[in-house]
Amino acid sequence: MEPSVEPAGRADLRYAAYARERLAGMPPPADPEGFELAYNLLQLAYLLVTDLETRIHRPRGWTLPGFRLMFKLWILGPTQPARLAEISAMSRSAVTNVVNTLERDALVERRPMPGDRRAVVVALSAKGEAAVREAFAEQARREQEWFSPLNAREQADLSGLLARILTARPAGTP
């Protein structure tokens with residue numbers, strides 16, 4: 001039986017409230033608070049990624065990982081693929097696939113690394129830099145819409161808490 005209160009009239013939130021209520025009546029290791037936190041984070045992440053990809057990146061022929069790599073290149077400048085994989089929590093092969101696609105579309109280019117002719121760096125092309133600037137502006141506006149229910153202090157607090165969880169994440173995670 002579902003709970004009588006419908007949080008914000010959203011099916012996903014109704015399900016979460018119902019599941020939390022059911023878990024509250026179960027013995028350990030059932031953890032209703034842990035479930036609720038993980039569910040809300042995962043649901044938010046899924047909806048945010050889907051929204052950004054659908055509204056901003058797919059219309060440009062990109063995926064969110066493609067945009068993320070271009071954004072990193074915009075911030076860092078030319079970067080080795082292994083470093084991109086490390087800071088993106090992506091495998092090297094995934095980075096190679098994304099770079100191949102972006103290179104095919106003339107958004108990035110591979111260049112020899114200064115001082116080591118065997119190594120390469122990936123860099124934004126002029127077309128890629130213009131494209132990432134435009135997409136970033138649109139994404140920033142959309143992110144502001146997503147987080148507008150929180151004031152600036154709440155946003156900073158939430159960001160700090162999430163960073164703390166990421167810093168202390170379980171061993172063996174990227």
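Which residue's side chain meets that of Glu 53 in a salt bridge? I started my notebook with this one, and the partner is Arg 58, at 3.0 Å from N to O. A reminder to myself: this is a predicted model.

**Entry 1: Glu 53.** I looked up how well covered Glu 53 is. Its relative accessible area is 12%, and since buried means under 20%, Glu 53 counts as buried.

**Entry 2: salt bridges overall.** I asked for the total next, and the structure holds 15 salt bridges. I picked a few to follow up.

**Entry 3: Arg 142 and Asp 51.** Here the two side chains meet in a salt bridge with an N to O distance of 2.6 Å. Arg 142 belongs to helix H6 (residues 126–147) and Asp 51 to helix H2 (residues 32–57), so this pair ties together parts that are 91 residues apart in sequence.

**Entry 4: Glu 134 and Arg 60.** This is another salt bridge, with the closest N and O atoms 3.1 Å apart. Glu 134 sits in helix H6, while Arg 60 is in the loop between H2 and helix H3 (64–76), so the pair ties together parts 74 residues apart in sequence. Are these two buried or exposed? Glu 134 counts as exposed, at 51% relative accessibility. Arg 60 is partly exposed, with a relative accessible area of 25%.

**Entry 5: the nonpolar core.** I turned to the nonpolar residues. The largest nonpolar core has 23 residues, and among those with the most contacts inside it are Trp 62, Leu 69 and Val 108. Two or more residues each come from H2, H3, helix H4 (81–88), helix H5 (92–104), strand E2 (116–124) and H6. H3 gives the largest share of this core, 5 residues.

**Entry 6: Leu 69.** Setting aside neighbours within four places in sequence, I found Leu 69 in contact with Ser 88, Met 90, Val 95, Val 98, Val 99 and Leu 102.

Entry 7: Which residues make the nonpolar surface patch of about 390 Å²? My list reads Leu 37, Leu 41, Leu 158, Leu 162 and Ile 165. H2 and helix H7 (152–167) each supply at least two of the patch residues, and the largest share, 3 residues, comes from H7. Leu 37 is in helix H2.

Notes
Residues are numbered from 1 along each chain as its sequence is written. This is a predicted model: local features need pLDDT of at least 70, side-chain atom pairs count only at pLDDT 80 or more; totals for chains, interfaces and linings use all residues. Side-chain values use heavy atoms; hydrogens and water are left out. A salt bridge is a side-chain nitrogen of Lys or Arg within 4 Å of a carboxyl oxygen of Asp or Glu. Helices (H or I, at least four residues) and strands (E, at least two) are DSSP runs, numbered from the N terminus. Buried means under 20% relative accessible area, exposed over 50%, partly exposed in between (1.4 Å probe, protein chains only). Patches are made of residues with over 30% relative accessible area and no salt bridge: like charges are joined within 9 Å, nonpolar side chains (Val, Leu, Ile, Met, Phe, Trp, Tyr) within 5 Å. Accessible areas come from the Shrake-Rupley method with a 1.4 Å probe; for residues, only the protein chains shown count as cover. A nonpolar core is a set of buried Ala, Val, Leu, Ile, Met, Phe, Trp, Tyr and Cys residues joined through side-chain atoms within 4.5 Å. Contact means heavy atoms within 4.5 Å.
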